[in-house]
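Hi there,

Here is the structure I promised to pass on. Have a look at it first, and my notes follow below.

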Amino acid sequence: MDSMQLGYTLPMSWHENKRIVVGVSGGIAAYKSPTLVRRLVQRGCQVRVVMSRAATEFITPLTMQAVSGHPVHQHLLAAEAEAGMGHIELARWAEQIIIAPATANCLANLAQGRSDDLLSAVVLASAAEVVVAPAMNQQMWQHPATQRNLTALADNGVRVLAPMAGAQACGETGPGRMLEPEDIATLLVGAAPPRLLAGVAALITAGPTWEALDPVRGLTNRSSGKMGYAMAMAARDFGAQVTLISGPVSLETPRRVKRIDVSSARQMLEAVSAYASQSQWFIAVAAVADYRPATVAAHKIKKPAATAAAAKASQRMSLELVKNPDILAAVASLRKAPFSIGFAAETEHTLANARQKLMNKGVDMIAANYVGERAAKATDSGAHVFGGDENAVTLLYKSERGGRAEPAIQQVALAKTDKYQLAVQIIEHGAPLFARKAKAVKSAAK
Ligand code: C5P
């Protein structure tokens with residue numbers, strides 16, 4: 001487990017919402033186009049669909065709208081459509097255009113650079129990569145005219161996903177079957193991650209807390225929320241239903257993630273408490289203030305009047321602070337506690353402190369990172385040293401070896417990388433521990 005090799009690497013673009021136009025031309029393989037759109041959406045892509053008139057004879061625009069989540073584009077120069085996202089705008093929007101199925105007629109149109117229907121006009125007007133997944137009768141595929149068109153398209157930089165050979169809808173056997181949607185999606189944007197967290201409700205805290213002193217001031221910290229948001233995206237991509245309890249951050253809500261905004265530690269605890277018992281995973285990434293002001297002034301706290309005596313007295317001011325609840329410890333000590341992961345940012349004795357946290361908070365795993373150097377670089381000018389896009393952590397968890405009283409602690413160092421990639425690895429290491437715990441709970445209940 002220490003040297004666990006990842007079976008795959010998620011592409012960096014995974015969560016970047018790649019913008020893909022799916023073009024559908026009129027062939028029987030169009031019945032597979034909704035599945036292709038679903039596979040792309042599941043991989044985090046944004047999809048817009050363009051259908052030829054003939055394609056609508058095989059599959060309805062309503063179906064394509066339902067799977068892509070957006071109205072389908074069908075007509076060139078339709079006033080209503082052009083008033084929305086017009087064909088030029090759509091061509092500019094696309095990062096990639098996949099035509100699946102691409103019929104012999106569609107390939108001929110593209111090879112000639114025609115633009116008399118919406119699909120060919122969008123292709124012509126776009127700088128995006130164009131990919132075609134041909135599907136047709138085997139004679140049509142093998143015809144020299146089709147092969148010439150394919151050569152011309154390849155010369156123009158179009159990527160051709162050659163069809164498979166096999167039984168055809170027309171009853172013949174030979175080359176011309178469109179690739180399966182899953183394979184096309186993988187060739188376009190990479191393999192889907194395994195659904196390690198299918199059926200799991202994951203609760204995640206992120207960002208700093210804000211502990212008010214008065215209506216305009218408060219105590220907070222430099223947490224950007226990026227690591228917590230990356231955990232939320234990774235958990236989502238592994239198939240979890242994610243609820244993200246977020247302190248004040250300036251980050252966009254990840255798609256398909258339920259976000260609840262809170263401000264103070266106590267509000268965060270309240271929101272977490274509402275979801276903890278229905279969650280199977282809890283990942284506490286938030287930098288929660290350990291203390292809060294004992295009282296919150298109803299009005300802005302004023303400096304004393306400017307008399308000499310008052311000025312002397314106002315050289316110092318004391319704040320009384322009281323301890324905040326430890327959200328992670330509270331969740332981890334629930335009778336039916338979710339599988340819990342804590343983060344430990346330390347400036348010294350990183351691993352020793354993390355070990356203590358693992359034992360004291362009763363959590364299943366701690367992700368420890370050393371922030372000393374970065375903290376030392378922090379300046380009063382507010383350099384965003386904590387808002388970086390990369391991080392490195394050491395994971396600590398109790399091993400199966402060792403007794404209950406003094407379990408051995410496993411340590412896995414994860415090298416510095418993009419926070420999303422790191423989140424992916426943390427979940428990959430957590431998944432078998434979660435399964436082990438679930439099994440133990442089940443057999444204890446027997
Ligand atoms: O004890 P320390 O604050 O270093 O522990 C850090 C871990 O505990 C983080 O996972 C953090 O989200 C969590 N925590 C919490 N509530 C607190 C303090 C820390 O959930 N009041």
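Let me start with a pair of strands: strand 4 (residues 129-134) and strand 5 run parallel and are joined by two bridges. Strands here are DSSP runs of E of at least two residues, helices are runs of H or I of at least four residues, and both are numbered from the N terminus; two strands count as paired if DSSP finds at least two bridges between them. Within this pair, Val-132 has Val-160 of strand 5 as its bridge partner.

A word on the source: this is a predicted model with residues numbered from 1 along each chain as its sequence is written. Local features need pLDDT of at least 70 and side-chain atom pairs count only at pLDDT 80 or more, while totals for chains, interfaces and linings use all residues, and side-chain values use heavy atoms, with hydrogens and water left out.

Both strands belong to an open sheet of five strands, ordered 2-1-3-4-5 with parallel pairing.

Next comes a hairpin. Strand 6 (residues 164-167) pairs with strand 7 (residues 173-177) in the antiparallel sense, over four bridges. Ala-167 has Thr-173 as its bridge partner in strand 7. Five residues lie between the two strands, and Gly-171 in this hairpin takes a positive phi near 95 degrees.

Another glycine may interest you. Gly-387 sits in the loop between helix 15 (372-377) and strand 18 (390-402). Its relative accessibility is 17%, so Gly-387 counts as buried (buried means under 20% relative accessible area, exposed over 50% and partly exposed in between, with a 1.4 Å probe and protein chains only). Leaving aside residues up to four places away in sequence, Gly-387 touches Ser-224, Lys-226 and Lys-419, where contact means heavy atoms within 4.5 Å. Between Gly-387 and Arg-436 there are 49 residues in sequence and 34 Å in space, C-alpha to C-alpha.

Now the whole protein. The secondary structure comes to 16 helices and 19 strands, and buried residues make up 46% of the 446 residues. The C-alpha atoms fill a box of roughly 95 × 65 × 35 Å along the principal axes. Of the contacts with a separation of 6 or more, 73% are between residues 24 or more positions apart.
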